Amino acid sequence: MGGVPQGGGAPGLQAALSKYREAPTGQRWTPQNPRLMRVDLGVGGQPVLARQGTMVLYQGKVDFSYKGAGFRGRIVGNATGQEMQLMRCTGQGQVFLAENAAELHPIELQGDAICVSAENVLAFDESLHHEVRRIEGHGIPGGALFTMQFQGTGTVVVKTEGTPVVLPVTPTTFADSNAIVAWSAGAQVIISSQVRLRRSAYPGHSGETVNLQFRGAPGNFIVVQPYEV
């Protein structure tokens with residue numbers, strides 16, 4: 001067609017798009033921008049488990065298989081009540097992961113452990129030991145908050161709505177159960193209900209919200225996002 005440029009080699013076009021180019025680093029996990037993660041399966045050779053539907057692009061030889069998270073314990077979203085489905089990524093290629101433009105944060109573990117709300121898990125190295133924990137409490141949507149505890153050597157990618165804040169655990173540390181993203185595995189979690197802390201209650205809701213109180217020795221921390229359901 002007349003007037004339609006052929007190919008993508010125009011200097012002006014290349015210059016305009018250059019800041020969005022793929023950013024390989026030779027590392028296994030590489031943020032392409034704050035909302036897009038690249039994992040190179042050929043580095044380390046271990047499979048990756050990712051939330052189903054988060055793959056936006058892959059290149060090279062990659063195989064995908066799908067399974068419920070129940071192969072090591074059933075994971076249910078605390079807001080949706082739906083089982084979390086995982087896809088297993090294997091091969092020698094690269095997979096790009098994202099979900100609803102959420103901010104993504106790779107957390108590398110080197111023998112230590114962290115608990116992450118199941119709602120905030122995007123992907124993780126299969127080499128990590130992981131187990132499901134259930135925190136029950138009156139007022140939590142769905143009746144319980146489901147978390148995953150990760151331990152070992154590898155990376156877990158956490159997604160947040162907005163930029164999170166990391167705070168030390170003190171004797172008076174409380175967090176909304178919908179805003180909490182993660183915490184150090186050494187912290188103790190206690191259910192603490194508060195009444196009418198929400199700006200508005202949705203139909204059928206009393207206005208009561210559930211706070212989680214965290215206790216622990218110095219060095220423990222929590223991660224909170226600036227968002228609540």
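The structure is a predicted model, in which local features need pLDDT of at least 70, side-chain atom pairs count only at pLDDT 80 or more, and totals for chains, interfaces and linings use all residues. Residues are numbered from 1 along each chain as its sequence is written, and side-chain values use heavy atoms, with hydrogens and water left out.

**Overall make-up**

The protein chain contains one helix and 17 strands. These elements are DSSP runs numbered from the N terminus: helices are H or I runs of at least four residues, and strands are E runs of at least two. Of the 229 residues in the protein chain, 42% are buried. Buried means under 20% relative accessible area, exposed means over 50%, and partly exposed lies in between (1.4 Å probe, protein chains only). The accessible surface of the chain is about 11,900 Å², and carbon and sulfur atoms hold 52% of this area; the areas come from the Shrake-Rupley method with a 1.4 Å probe, and for residues only the protein chains shown count as cover. A contact means heavy atoms within 4.5 Å. Among contacts in the chain with a separation of 6 or more, 73% join residues 24 or more positions apart.

**Confidence**

The predictor's confidence in each residue is given as pLDDT, from 0 to 100. The chain has a mean pLDDT of 84, with 77% of its residues at 70 or more. Strand β17 (residues 221–224) has the highest confidence, at 98, and strand β15 (residues 188–194) the lowest, at a mean of 81. The pLDDT is below 50 over residues 69–82, a stretch that has 38 contacts in the model beyond near neighbours in sequence.

**Nonpolar cores**

A nonpolar core is a set of buried Ala, Val, Leu, Ile, Met, Phe, Trp, Tyr and Cys residues joined through side-chain atoms within 4.5 Å. The largest has 16 residues, and I114, V116, V121, F124 and F150 have the most contacts inside it. At least two residues of this core come from each of β8 (103–117), β9 (121–125), β11 (144–160) and β14 (180–184). Strand β11 gives the largest share, four residues. Not counting residues up to four places away in sequence, V121 touches R51, M84, V116, M148, F150, V157 and K159. A second, separate core has 15 residues, including L41, L104, L122 and V157.

**Selected residues**

| Residue | Relative accessibility | Class |
|---|---|---|
| D125 | 4% | buried |
| D176 | 14% | buried |
| G162 | 28% | partly exposed |

D125 lies in strand β9. Its side chain makes a polar contact with the side chain of R28 at 2.7 Å. A polar contact is a pair of N or O atoms within 3.5 Å; within protein, one must be able to donate a hydrogen and the other to accept it, and residues adjacent in sequence count only if both atoms are side-chain atoms. Apart from neighbours within four places in sequence, D125 is in contact with R28, W29, P47, V48, G154 and T155.

D176 is in strand β13 (residues 173–176), and its side chain reaches the backbone nitrogen of N178 at 2.7 Å.

G162 sits in the loop between β11 and β12 (165–168). Leaving aside neighbours within four places in sequence, G162 is in contact with E103 and P226.
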